[in-house]
Amino acid sequence: MNSSSSEDEAFIFSEVEGEGVKFTLQEENPHSKAIGAGFFDSSYTVAGSTGNSVWEGCWVMMEFLKKSNLKEEFVGNKIVELGSGTGLLGLYLSALGAHMLCTDLPTVVTGIMNTNVTSNSKELDVQNKGWNSARSVGLNGGSIATMPIDWTVDLANQVTTNDPRDADFVIAVETVWLKELIKPFVTTFKSLLKKDKAGYFAFLDRSKETSTTFASTSELFGEFTAQNCVFTVLHTQPAPKTVGKTVYVYEVKLQ
């Protein structure tokens, strides 16, 4: 990844390569003094504002998938990603050959996500087996579409052009960092799981023993257990930036 920034720029642009495709990715400049993207939008939340950046779990998940047999399972299948943010993981998986439905809060989807998806994809000549209104990415037959989803609202009441419950797989990376997000996230994630297929999730525990705000691993997977899900650690890797922290990649299934 190549990028540079200054305090005068609200956004930075990076070049990211994946599955034979070079993406030009826009994300919020962490050094900028400008007001955050979507700050005045009616759907803006502090939790949602993190969607304008690429987090460490995304890089780790991409590295894991490059070496994993999951790549073969994902090709040609429909996948819904929760908390897609900038859309990088979705773009990577669609370049691989998956049919991605990237989701997040409305202010993220209509802002940075759609910007990145549109600039790194093209219109489909013929509708494939993917999602409605999808766009083509790369040369492996994959595609990508976007959709706003609020975890605090029943999915059945949010279905429009696409129904995320039609997905074969669900995936998410570093989407839960506040305690208040745990239950709605797990409820939404579980509602997208199929009985015969797993979901995949990357998590970096940023909490401390005295944390009253940040979600911990035990709280997150305690909620998965309470909702009759079982999980397995598939991969661990030191966090690329946060010293002393580890990113875990989990497989989650219905009990």
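Helices and strands here are DSSP runs, numbered from the N terminus. The model on your screen is predicted.

**Stop 1: a loop residue with positive phi**

Select Glu174. This residue sits in the loop between strand S8 (169–173) and H6. Its phi is positive, about 45°, although Glu174 is not a glycine. Is Glu174 buried or exposed? The cut-off for buried is under 20% relative accessible area. Glu174 has 13% relative accessibility, so it counts as buried.

**Stop 2: another positive phi**

Go to Asn228. Look in the loop between helix H7 (217–226) and S10. Asn228 is not a glycine either, yet its phi is positive at about 60°. With a relative accessible area of 42%, Asn228 is partly exposed.

**Stop 3: the largest nonpolar core**

Select Met61, Leu65, Phe74, Leu89, Leu93 and Ile171. Of the 41 residues in the largest nonpolar core, these six touch the most other members. Now colour helix H4, residues 88–96. H4 gives the most to this core, with 7 residues. A separate second core has 31 residues, among them Ala145, Phe201, Leu220 and Phe221.

Stay on Leu89 and show its surroundings. Which residues does Leu89 touch, leaving aside those up to four places away in sequence? They are Cys58, Met61, Met62, Leu65, Glu81, Ile171 and Val173.

**Stop 4**

Move to Thr86, in the loop between strand S3 (78–82) and H4. Its relative accessible area is 3%, so Thr86 is buried. Show its contacts, again skipping residues up to four places away in sequence. Thr86 touches Leu25, Gln26 and Glu27, and also Gly51, Asn52, Ser53 and Val54. Ile112, Met113 and Asn116 are contacts of Thr86 too.

**Stop 5: a lysine over a ring**

Select Lys78 and Trp131. Lys78 lies over the face of Trp131, 4.2 Å from the ring centre.

**Stop 6: the aromatic pairs**

How many aromatic pairs does a search of the whole structure find? The search finds 17. Take Phe189 and Phe201. Their rings pair edge-to-face, at 6.4 Å centre to centre with 70° between the planes. Phe189 belongs to helix H6 (residues 179–191) and Phe201 to strand S9 (residues 199–204). The pair links distant parts of the chain, 12 residues apart. Both Phe189 and Phe201 are buried.

Next, select Phe231 and Tyr250. This pair is also edge-to-face, with 6.1 Å between centres and 80° between planes. Phe231 lies in strand S10 (residues 229–238) and Tyr250 in strand S11 (residues 246–254), so the pair ties together parts 19 residues apart in sequence. How exposed is each partner? Phe231 is partly exposed, with a relative accessible area of 34%. Tyr250 counts as buried, at 4% relative accessibility.

Now widen the selection to Trp151, Phe185, Phe189, Phe201, Phe203, Phe221, Phe224, Phe231, Tyr248 and Tyr250. Ring pairs link these residues into a cluster.

**Stop 7: the strands around S11**

Switch to a cartoon view and find S11. S9 and S11 run antiparallel, joined by 6 bridges. Select Tyr200 to see one partner: its bridge partner in S11 is Glu251. S10 and S11 are antiparallel as well, with 9 bridges between them. Here Gln237 has Val247 of S11 as its bridge partner.

Conventions:
Residues numbered from 1 in each chain as written. Predicted model: local features only at pLDDT ≥ 70, side-chain atom pairs only at ≥ 80, totals over all residues. Heavy atoms only, no water. Core = buried A, V, L, I, M, F, W, Y, C linked by side-chain atoms within 4.5 Å. Buried < 20%, exposed > 50% of the residue type's maximum accessible area, 1.4 Å probe, protein only. Helix = DSSP H or I, 4+ residues; strand = E, 2+ residues; numbered from the N terminus. Contact = heavy atoms within 4.5 Å. Phe/Tyr/Trp six-rings, centres within 6.5 Å; stacked < 30°, edge-to-face > 60°. Lys NZ or Arg CZ within 6 Å of the ring centre and 35° of its normal. Pairing = 2+ DSSP bridges.
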